[in-house]
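I want to look up a few spots and jot down what turns up.

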Amino acid sequence: MVALIISGVKTAKLKQTTTFAWQSLNQLLWPPVCINCGDSICETDKNLCQNCWSELLSCTGAEYCPRCGKDVSKYALLEGVCPDCQGKEVHFDQIARSGVYTQALRKMILNFKKGRTELDLTLAFLANSALQASTFYKDIEIFVPVPLHWSRRLARGYNQSLVLVKKLKHPTAKINTDLVRIRRTKFQPTMASSAARARNVAGAFAVRYRHRFTGKIICLVDDIKTTGATLNECAKTLKEAGAAKVFALVLAVAGQKIV
Ligand SMILES: [Zn+2]
Ligand SMILES: [Zn+2]
């Protein structure tokens, strides 16, 4: 019996030593690099270098307007919205965002859209943190990814919003893809005006026959909000289909200047 235990301990130690040796060899042959910028990292950094982590923290920490997602102190809000949102007609009820579209977060989202889908875990961590901190988290019944036109999805191979939605954590909400993009919209540069963006997406979305949006509380999910024209048009389409409330979750909000 004692001999058996000793031999078990010896085998475990041998396994441990072998694993350690294998890990060291791996590290020597393929030293770990930051999945965002490619700089070398030590193992404890968990896929990102210190610089990317600190950039991510700096662009995800601030307070923001729950209507447009732009950085603003809660003391500057009037009736719950920033000065820029006063009197503006917006079809989605509130927004939650991970951060500002800059530095490491911008780079990470761009890489994710270019096919670096291994970034999904870090981005999902950021999205889940923003979602769980939102006031509407518990009310959500359905998650709806902002759809791509089929031709764009075919070219890219996946819809980045759907990839993200599948990684969201919620005790009850379901994913629904009955919101579709029926018209291919022109690519708009970041500097395009709100009016131009709104014209570009007008009538671009529809819901499938026998959808289940009537009376539901929905959370739209997208990677970036620029002027909000796309989210607004999606929310309008969902509300016309009978949705009770439409919230939005994005990884990043661009165009921080509040005018
Ligand atoms: Zn990095
Ligand atoms: Zn606002």
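Which residue just after H7 takes a positive phi? I found that Gly203 does, at about 70°.

Before going on, a note on the ground rules: this is a predicted model, where local features need pLDDT of at least 70, side-chain atom pairs count only at pLDDT 80 or more, and totals for chains, interfaces and linings use all residues. Residues are numbered from 1 along each chain as its sequence is written, chains are lettered from A and ligands numbered from 1 in the order in which they are written, and side-chain values use heavy atoms, with hydrogens and water left out.

**Helix H7**

I looked up H7, residues 194-201 (helices, H or I, at least four residues, and strands, E, at least two, are DSSP runs numbered from the N terminus). Arg197, Asn200 and Val201 are buried there (under 20% relative accessible area; exposed is over 50%, partly exposed in between; 1.4 Å probe, protein chains only). They sit on the same side of H7, because their arc around the axis is only 85° (taken from the directions from the helix axis to the C-beta atoms). The buried residues of H7 pack against strand S5 (205-207) and helix H8 (229-240), contact being heavy atoms within 4.5 Å.

**Zinc site**

Next I checked the zinc ion (ligand 1): its protein donors are the SG atoms of Cys34, Cys37, Cys49 and Cys52, lying 2.3 Å from it (donors are N, O and S atoms within 2.8 Å of the metal, 3.2 Å for Na, K and Ca; water is not among the atoms, so sites may look incomplete). The arrangement is tetrahedral because the angles are 105 to 116° (four donors, all angles between 85 and 135 degrees). I noted that Cys49 is buried at 5% relative accessible area, whereas Cys37 is partly exposed at 28%.

Key
Four donors count as tetrahedral if all angles lie between 85 and 135 degrees; four count as square planar and six as octahedral if opposite donors are over 155 degrees apart and all others between 65 and 115; anything else is irregular.
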